[in-house]
Amino acid sequence: RSSRPTPPPAHDQWVQIEKIEKHRTTPRGIEYLVRFMDGTEQYLKAKDITDFALDAYWVQRKNAGLKRRRKRS
């Protein structure tokens, strides 16, 4: 058995996303901090993330905002 580390996935392979943590705006556009299933995190551009994951992130953010407003009133 070899104890060599597993090489990172090739650029064209999909890596499963656990959650999008947050986003930031840069001069080049919006970047999202993505947590992968293996526990690593990385900022990615929207074009590198599936539409489903992006939609889920924005729905979650909207729902979190609605919950905060309800608690205040």
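Is E31 buried or exposed? I looked this up first. E31 is buried, as its relative accessible area is 15%; buried means under 20% relative accessible area, exposed over 50%, and partly exposed in between, with a 1.4 Å probe and protein chains only.

**Basis of the entries.** I noted that this is a predicted model, in which local features need pLDDT of at least 70 and side-chain atom pairs count only at pLDDT 80 or more, while totals for chains, interfaces and linings use all residues. Residues are numbered from 1 along each chain as its sequence is written, and side-chain values use heavy atoms, with hydrogens and water left out.

**The chain.** I found one helix and three strands, in the order β-β-β-α along the sequence. Helices (H or I, at least four residues) and strands (E, at least two) are DSSP runs, numbered from the N terminus. Of the 73 residues, 16% count as buried. The accessible surface comes to about 6700 Å², and 50% of it belongs to carbon and sulfur atoms; such areas come from the Shrake-Rupley method with a 1.4 Å probe, and for residues only the protein chains shown count as cover.

**Around E31.** I located E31 in strand 2. Leaving aside neighbours within four places in sequence, I listed the contacts of E31 as K22, H23, R24, T26, Y43 and L44, where contact means heavy atoms within 4.5 Å. The side chains of E31 and R24 are joined by a polar contact of 2.7 Å. A polar contact is a pair of N or O atoms within 3.5 Å; within protein, one must be able to donate a hydrogen and the other to accept it, and residues adjacent in sequence count only if both atoms are side-chain atoms. I then followed R24, which lies over the face of Y43 at 3.6 Å from the ring centre. The rule requires NZ of Lys or CZ of Arg within 6 Å of the ring centre and within 35 degrees of the ring normal.

**Aromatic rings.** I counted three aromatic pairs. Rings of Phe, Tyr and Trp (its six-membered ring) pair if their centres lie within 6.5 Å; planes under 30 degrees apart count as stacked, over 60 as edge-to-face and the rest as tilted. Y32 and Y57 are edge-to-face, at 5.7 Å centre to centre and 85° between the planes. This pair links distant parts of the chain, with Y32 in strand 2 (residues 29-36) and Y57 in helix 1 (residues 51-72), 25 residues apart. Both Y32 and Y57 are buried.

Why is the pair of Y57 and W58 edge-to-face? I recorded that the ring centres of Y57 and W58 are 5.0 Å apart and the planes are at 70°, so the pair is edge-to-face. W58 counts as partly exposed because its relative accessibility is 36%. Ring pairs link Y32, Y57 and W58 into a cluster.
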